[in-house]
Structures are given as C-alpha cells and as structure tokens.
Amino acid sequence: MFKDFLYFENALQKRKQSDILRILKTQNSGIDFYSNDYLGLARNEEFQKILLRTVQGNPELLKGSTGSRLISGNSAIVTETENFIAEKHQYESALLFPSGYNANLALFSSLPNRHDTVIIDEKIHRSVHDGCMMSHCRKLKFAHNDCFHLEEILKKQKGKVYITVESLYSMDGDVAPLHEIAELAEQYNAGLIVDEAHAFGVFGYGLVDRFRLQKKVLATVVTYGKALGTHGASILTNNVIKSFLINFASPFIYSTSAHDFLWKSIFEGYYFLTVNDKLSTKLQEKIKIFRNQNVKTVSNENSPIQAIIIPDNNRLKALTKTLSDQGFLTYAVFSPTVKEGTERLRICLHTFNKEEEILKLTEIIKEFA
Ligand SMILES: Cc1ncc(COP(=O)(O)O)c(C=O)c1O
C-alpha cells in the first residue's frame, strides 16, 4: 500500500468538514434549471431522430477512430465538418476537439511559450489556467471586464502577449466588452482569444460573429456540449495557427480522435440551428419572464445564466434544498469554483422551461431573499 495515502484522505476530509465535498450524483428527476442545454437540443426528439437516421444510413460512423488524427484517426468527415464550420463562422480555419476543455488546453499549452504573457480576465474558465500551466507562460489577471485595468497591464508588457476572455461568462452570466477589448488587443499588438462556450447557439454563432470581430480575434473557441446539446468544440482561427496547433499542441497530437459520429452530430447540429432559428428567440422570451420578476442577479439581461449571489453557505444550501424539495433542479456554486464570498445560486434558463415554472421558481427565491 502506498504509504502517503493518508494525504488523499486528509484532503477529502478537509473538504467534507467544510461541507464542500464533491460527489457524483445520477441525474435527479425534476425541473431543469441547472443544465447547459439552453436550447433544449439534448432532449429534442426531432434532433435525436435526425441523428438516428444519420447513423442508420451509415453505421460506419460509430467505428472507433483508431488513433490520433496525425496517424490513423483522420477522416474525410472531420475535414469536411471543419471546412463547413470555418465557413459558417467566417474564419479561415476550424480545428475540432472532443471537448472545450481539450480545445483550451491545446491553445494555451502551445501558442504561448515560457517567455510569453497571457493576460486573463480573473473569471476565465479553469481550462485556460490549466493550459497556461502546461506552457509555463507568465499569467497575469485583470479585474473582471475592467478594460482600464487591462490597459494598465498591457502598457507594462514587453514581448509576445495574449489576452483571453469569455464572451458570456459561465458563472456570472455577464458579457465581456468585446469591442473595447478587441481595440486594446489591436493597439497593443496582443493576440486575442475568446471562449464562446456559453454564447454559441444562445447568441447565434456567438458574439464574435454577431459583432463581426473575426479579423480582430486570433482564435475563438466554440463548444458543442452546451447549446448544441452534443459534445465537442472548435478552435476558429487562420490557417497558420491551425497548422501550428496540429504541429505543437499535445492535447491534439497525443490523443485518439473521436469517432465520426461526433463530428457528424455537430454538422447536423449546425443545420438544426439554422432550420430552427426561432429557438434563440424562444429562449430570450423565457429569460425575459425570469428578469421581469426582479430577482437580484449579477447577470446580463439577455443571458440564460442568471447568478444570484448568496455569500452564506448555509443559506445557499438551505435555498437549494427548498428548491429541490419543490422539484426544481438548480446549482449552488461554492468556492473554490468561485471566489470565497461570491458563492451563488446559478440558474440556467431554457427554451423548454414553462412560464409557471419560472414564476414559481422566482417566487421561492424572492421569499428566501
Ligand atoms: C467557459 C468555458 N470554457 C470551456 C469549457 C469546457 O468545455 P467542455 O465542457 O466542452 O469541455 C466550459 C465548460 O464548462 C466553459 O464553461
């Protein structure tokens, strides 16, 4: 037996004592106000039928890819899907990954080297931090969405610099001032990288596309496990960066590719979004119902993520328990996922949430507050 095993037990015990031990639960039945299935595609029977027909017409799609894309795992389907995605987003190139986490690891482990600086918004996703650790780059934080602070940091930099932000923040549900950040990136010659994991599908193809910022954003990450209801991610960029990633990004090089069914599902997902373009309007209607109830949140009025700060763990737990007893599935976010003192109830709104459900949910939250 490994003699230092006690270390693991102690770490877990500490979490348990602080009442923040993470455990896996099977999905409860209840009204979903916690998943990232904003447009309901993960449960959409029409979309499921399309995927079923696709695989019935070509069972080969389910075949394992058998290797890294640089050896035996590449296919015409993944290449065609990448070309299709690049065109849709009006970028020169796209590079597909099995998840957004992998895509961010690939970007931040390979683009910057140990002499470069990556300036991150303080609320950036964990995957960016982990990628930066792999490249040993210098990592500097700017205050959340604070362009003044970002510029202060930019002014002091020498050498190669990157800025990275999310367009719609996953824990706060607020949006980055992308125009201003893109201007600063241009002015200070910094490579801008935008993570659109939560914006894709909610705001069309994302905010970079909506604001026509493709020429100013070196790389955009869109993910397919949230609004698209499937799995995977793309890095949207130019041909040089795509080739650089294929040559230098370990998470891309040293990992077996997903099977073609994943790439085909993503391809079909884009079509489904185009044909069902009213879904995002429907989502906005549901968000509006929630916002009209005047629950105090830190989030953007158009965001499907609405965060209610409750910096008291016991009260936050009591609220989620009350909600759960009434059949509502919500998610309480504790530190270390968010900064201590900013613990929150994270509500996710979806196209399929009924008006009466939203009204009941907000009533309970307001009573509690
Ligand atoms: C902002 C952000 N980026 C990246 C990821 C990772 O994406 P995926 O879940 O596809 O691995 C997430 C997932 O929660 C996220 O919220």
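I began with His125: an N or O atom in its side chain is 3.4 Å from an oxygen atom of the ligand, a polar contact by the cut-off I used (a pair of N or O atoms within 3.5 Å). The model is a predicted one, in which local features need pLDDT of at least 70, side-chain atom pairs count only at pLDDT 80 or more, and totals for chains, interfaces and linings use all residues. Residues are numbered from 1 along each chain as its sequence is written, and side-chain values use heavy atoms, with hydrogens and water left out.

Gly100 places a backbone N or O atom 2.8 Å from a ligand oxygen atom. For Tyr101, a polar backbone atom is 2.9 Å from an oxygen atom of the ligand. The ligand taken alone exposes 390 Å², and the protein buries 82% of that (Shrake-Rupley method, 1.4 Å probe).

**Helix packing.** I checked H14 (residues 355-368) against H13 (residues 313-325): the axes come within 11 Å and cross at roughly 150 degrees (lines fitted to C-alpha atoms over the stretch in contact, angles from 0 to 180 degrees between N-to-C directions). H13 is therefore roughly antiparallel to H14 (over 145 degrees).

H12 (residues 279-291) packs on H14 at about 30 degrees, with the axes 9 Å apart. That makes H12 roughly parallel to H14 (under 35 degrees).

Technical notes. Polar contact = N/O pair within 3.5 Å; in protein donor to acceptor, adjacent residues only side chain to side chain. Helix = DSSP H or I, 4+ residues; strand = E, 2+ residues; numbered from the N terminus. Parallel < 35°, antiparallel > 145°, perpendicular 65-115°, else oblique.
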